[in-house]
Amino acid sequence: MKFSYAWLATYVDLPALFPVKGETGATSPAAGELANQLTSVGLSVEGIEPAAAGTEAADAVLDVEVTSNRPDCMNHLGLAREIAVKRGTTLRPPVFSFTESLSPNGPRASVKIDDPEGCPRFTARIIRGVKIGPSPEWLVRRLEAIGSRSINNVVDATNFCLWECGQPIHAYDLATVPGGEIHVRRARAGEKVVTLDGKERELDPEVLVIADRSRAIGLAGIMGGLDTEVTKRTTDVLLECAHFDRRRIRIGAKRLGMHTDASHRFERGADFAICDEASRRCAAL
């Protein structure tokens, strides 16, 4: 799993990567020292690579083996927490704010959970008046440093939060969800959905889905559907930030032969308590 040294340094004090002229981030003693410290606490660093071309010059990428019993460290903030403890310094969680309307205008969203065992928690927020376009340069640098492709400002914000705090988040074009109704249920036998990768998936009742009034529109905890994706025409976004049962996601992903960043985290146990905070963070971005 790839982690950016510069990204980690936004949450915890780390030495500069270039104390000696002519070094690259990957050969800096500071990066090597951090790798040794992480390895000593059971987070083995398998390699240190230069950051991708076009990203921050003062950066290096650490390839960390995060074992399945440490889902809390499958993100930059979680890894920074371990570093802060090891180095005896202070963790700096992100500080953010935004204005949330108490009297929303226009269409609202509603959520009905038909399988509370498979989905014990689901949060939804609507963000109106969104203009889809490129992400700011700093956000593109963060994602590209760890090999994640920039798509647009909304999708990039969800991916940034995934890699910052470990919580998968999905954005829907609200206009494509009739009445803003979200249902979390088991798939019907033979039900089909076209996922974001353009593939049609045939489902069965072992698979947990996100649905609108009548049809599945995404695979819960695995991948969203193509019909509700955020595009250049999107103006209102419905933001999903939920917690899904690890066993149910594992069964669904195995039956469909899929493995995604989201399913990887849910199968190992995402943080139940972080949903609302992660949703707020993404909305602020």
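**Close-up 1. Leucine 208 of S10 is the bridge partner of arginine 186.** Strands S7 (residues 181–186) and S10 (residues 208–211) pair in the antiparallel sense over 4 bridges; strands pair if DSSP finds at least two bridges between them. Strands (E, at least two residues) and helices (H or I, at least four) are DSSP runs, numbered from the N terminus. The model is predicted: local features need pLDDT of at least 70 and side-chain atom pairs count only at pLDDT 80 or more, while totals for chains, interfaces and linings use all residues. Residues are numbered from 1 along each chain as its sequence is written, and side-chain values use heavy atoms, with hydrogens and water left out.

**Close-up 2. S7 runs parallel to strand S4 (residues 110–113).** The two strands are joined by 4 bridges. Histidine 183 in S7 stands opposite lysine 112.

**Close-up 3. Helix H4 (residues 137–145) packs on helix H5 (residues 153–165).** The angle is about 50 degrees and the axes are 10 Å apart; axes are lines fitted to C-alpha atoms, for helices over the stretch in contact, and angles run from 0 to 180 degrees between N-to-C directions. That makes H4 oblique to H5 (under 35 degrees is roughly parallel, over 145 roughly antiparallel, 65 to 115 roughly perpendicular, and the rest oblique). H4 passes H5 in a left-handed crossing, the near helix being turned anticlockwise from the far one by less than a right angle; clockwise is right-handed. Trp138, Leu139, Arg142 and Leu143 of H4 make the contact with Asp156, Ala157, Asn159 and Phe160 of H5 (heavy atoms within 4.5 Å). By class, these are 5 nonpolar, 1 polar and 2 charged residues; Ala, Val, Leu, Ile, Met, Phe, Trp, Tyr, Cys and Pro count as nonpolar, Asp, Glu, Lys and Arg as charged, and the others, Gly among them, as polar.

**Close-up 4. H5 also packs with helix H8 (residues 275–284).** Their axes are 9 Å apart, at an angle of about 135 degrees, and the two helices are therefore oblique to each other. The crossing of H5 and H8 is right-handed. H5 contributes Ala157, Thr158, Phe160, Cys161, Glu164 and Cys165 to the contact, and H8 contributes Ala278, Arg281 and Cys282. The residues divide into 6 nonpolar, 1 polar and 2 charged.

**Close-up 5. Helices H6 (residues 246–256) and H7 (residues 261–268) pack with their axes 7 Å apart.** The angle is about 140 degrees, and H6 and H7 are therefore oblique to each other. Their crossing is left-handed. Arg246, Ile249, Arg250 and Ala253 in H6 meet Ser263, Phe266, Glu267 and Arg268 in H7. This contact has 3 nonpolar, 1 polar and 4 charged residues.
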